[in-house]
Amino acid sequence: MSVIEGASSHPAAAEKLFSYQDSPSKLLPPFKEFYIHINIIFIGHQPIHTTPEGLQWQATSRISRISLKRCIPKELSSSSNVSKILRFHKSGYSHSQIVKKLQYHKTVVTACLRDGSPYYFDFVVIGSGVAGLRYALEVAKHGTVAVVTKAEPHESNTNYAQGGVSAVLCPLDSIESHMQDTIIAGAYLCDEETVRVVCTEGPDRIRELIAMGASFDHGEDGNLHLAREGGHSHHRIVHAADMTGREIERALLNAVVNDPNISVFEHHFAIDLLTSQDGPNTVCHGADILNTETKEVLRFISKVTLLASGGAGHIYPSTTNPPVATGDGIAMAHRAQAVISNMEFVQFHPTALADEGLPSVPSKMRENAFLITEAVRGDGGILYNLDMERFMPLYDERAELAPRDVVARSIDDQLKKRNEKYVLLDISHKPRDKILSHFPNIAAECLQYGLDITSQPIPVVPAAHYMCGGVRAGLQGETNVEGLYVAGEVACTGLHGANRLASNSLLEALVFARRAVQPSIDHMKSSNFDGYAADYWERPTVPMSLGNNVLGKIIRRTSDVRKELQSIMWDYVGIVRSTTRLTTAEQRIGELELEWEAYLFQQGWGPTMVGLEACEMRNLFCCAKLVVSSALARHESRGLHYTTDFPDLEESKRIPTIIFPGPPLNNTWSSRQVHKQQMC
């Protein structure tokens, strides 16, 4: 890969292209032209393949639909489109009812996809969080949709979002104020037009959710209860107690299971995007998907692909992200020649529950850290060290309401200076009934371990939380890869800049999922890719021939390597960084990756073999390297990226970090697209 940041290679062109006086939408035409130039200099690869002429897509799609419907029971095949695997007529399901219905019908999906032939959809959505589901519901009005999700559909970062969604819904608030708060929190690296679009369109996206059945908290006056969080100058956080993400996910899943044009494929892992070369342009045609239950590789051909796969929190050992957040979308897009941006800006949430400080320590290690929402501090929570000394006023005049990067660094400094493992967050001075009504989920979790938050402080510690960087997107979620769109945490839209403002993530996901709809429909209607060319790509293979004993050894070794990578990232690429530590991380990660690959091939692993654990591991390696490369390229401290070698903010460095695709590295399995073949 090649990294451009500040005055690096081709500084004049970079400055012209990525000036924040221009918007992402304005940048796209010169962006594409410049991308070609960079390809010639840094990539130098021949076109992957050309698209042959043949039957139009629609004819192919109809044939596929007929063959698919043969294996669907009559009660599930009444739609004239791709059979609705998950079709129900009752509305108002609870979260658990939706999950049960999805589980009930997954055997039908498995039975239908066992003949190995490609499957065709107008739209493939990778990810089932708020961005993927909201997009799917809109494009389903215009074609068939496959929602591919790695675990159960509800298992996403959306489901774990406690705080809420920020939007200007109070007469005393304003779009300009929300914009200003966002830009200040983002250390002035935000794209102003993107910020304006999101803040302006946000209120309508909230109203749409309410119309779809999402239930948010209301005050005594009957209006929406608006909370306030760190970095916000007004009360503008719409929430459902401290389980907002779960409520949004419930409402969206309820709508999805009632839509006859959407098929949900749970326990299906996206391996790689399928791309072709149209002159200098890369075009996406779908993805290869691993059914993690049957261990079969499926080929999904689509006219449009949306990546809504979330972030990469599990490059760190302690993260609030669910286990599925292994950076799959970012890594896939990078391998498919997409441009990546701002990966150095990893947000550490200041207040994850510190299990070591609980009266009764959990019996087993959590897969992900339990989040103590920003709203606790927004509601008056105070941070203390273990001597019950309030410390935030020493670091920032906004104290506990400072942006997350400031609070996380302050806590980190306290822990290092005092050689302690956690600090305390106290909300117990508030009325008991208000604490329990505002934070029932947190109260219940802590009470399991003997801690009553209405009378005792909560032990907290920072944990990796959110990727502000990702796949570079324009104002409509478009990428430099034709037919590939992104929304949610996987995308870098320019909204967050160097640090995400609290509760702006769900807002961004809703806005960009909606904005990506019309260009996706337009691309779908204009697509003339011949679906019968689907077999020209090399097929990934599942390594069952290696035997259970060997596969078990590979999985155990991969688990150890994963922990070692996470340890390197925590120790050397954490909240406070230095050039020496980043360079050490870069070297150790590279060595670890090569050692792991060597082990795989010593065990008989082949170049086209794929497995869930191995594919996750290569994606984690990819994202970790992207973070380190970006961090080394930024010679200043801005927002979430703080380095002791360049502790000051430099105005001349106020441009994004851009990672262009590098030469294909076919000598390493981790960086190789298993499908990349000439098409003729």
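Predicted model: local features only at pLDDT ≥ 70, side-chain atom pairs only at ≥ 80, totals over all residues.
**A tour of charge and rings**

Start by selecting Asp-560, Glu-564, Glu-591 and Glu-595: together they form a negative surface patch.

Now click on Glu-591. Glu-591 sits in helix α19. Its relative accessible area is 39%, so Glu-591 is partly exposed.

Next, turn to the aromatic rings. The count comes to eleven aromatic pairs. Select Phe-121 and Phe-265. Their ring centres are 5.9 Å apart and their planes stand at 80°, so this pair is edge-to-face; planes over 60 degrees apart count that way. The pair links distant parts of the chain, with Phe-121 in strand β2 (residues 119-126) and Phe-265 in strand β7 (residues 262-265), 144 residues apart.

Move on to Tyr-316 and Trp-570. They form another edge-to-face aromatic pair, 6.4 Å centre to centre with 75° between the planes. Tyr-316 lies in the loop between β10 (296-307) and α10 (328-335), while Trp-570 belongs to helix α18, so the pair ties together parts 254 residues apart in sequence. Check the cover on each partner. Tyr-316 is buried, with a relative accessible area of 0%. Trp-570 counts as partly exposed, at 33% relative accessibility.

For the last stop, select Trp-596, Trp-605, Phe-621 and Trp-669. Ring pairs link these four residues into a cluster.

Key
Residues numbered from 1 in each chain as written. Heavy atoms only, no water. Patch = residues over 30% accessible without salt bridge, like charges linked within 9 Å, V, L, I, M, F, W, Y side chains within 5 Å. Areas by Shrake-Rupley, 256 points an atom, 1.4 Å probe, with all protein chains shown as cover. Salt bridge = Lys/Arg side-chain N within 4 Å of Asp/Glu carboxyl O. Lys, Arg positive; Asp, Glu negative; His and termini not counted. Charge placed at Lys NZ, Arg CZ, Asp CG, Glu CD. Helix = DSSP H or I, 4+ residues; strand = E, 2+ residues; numbered from the N terminus. Buried < 20%, exposed > 50% of the residue type's maximum accessible area, 1.4 Å probe, protein only. Phe/Tyr/Trp six-rings, centres within 6.5 Å; stacked < 30°, edge-to-face > 60°.
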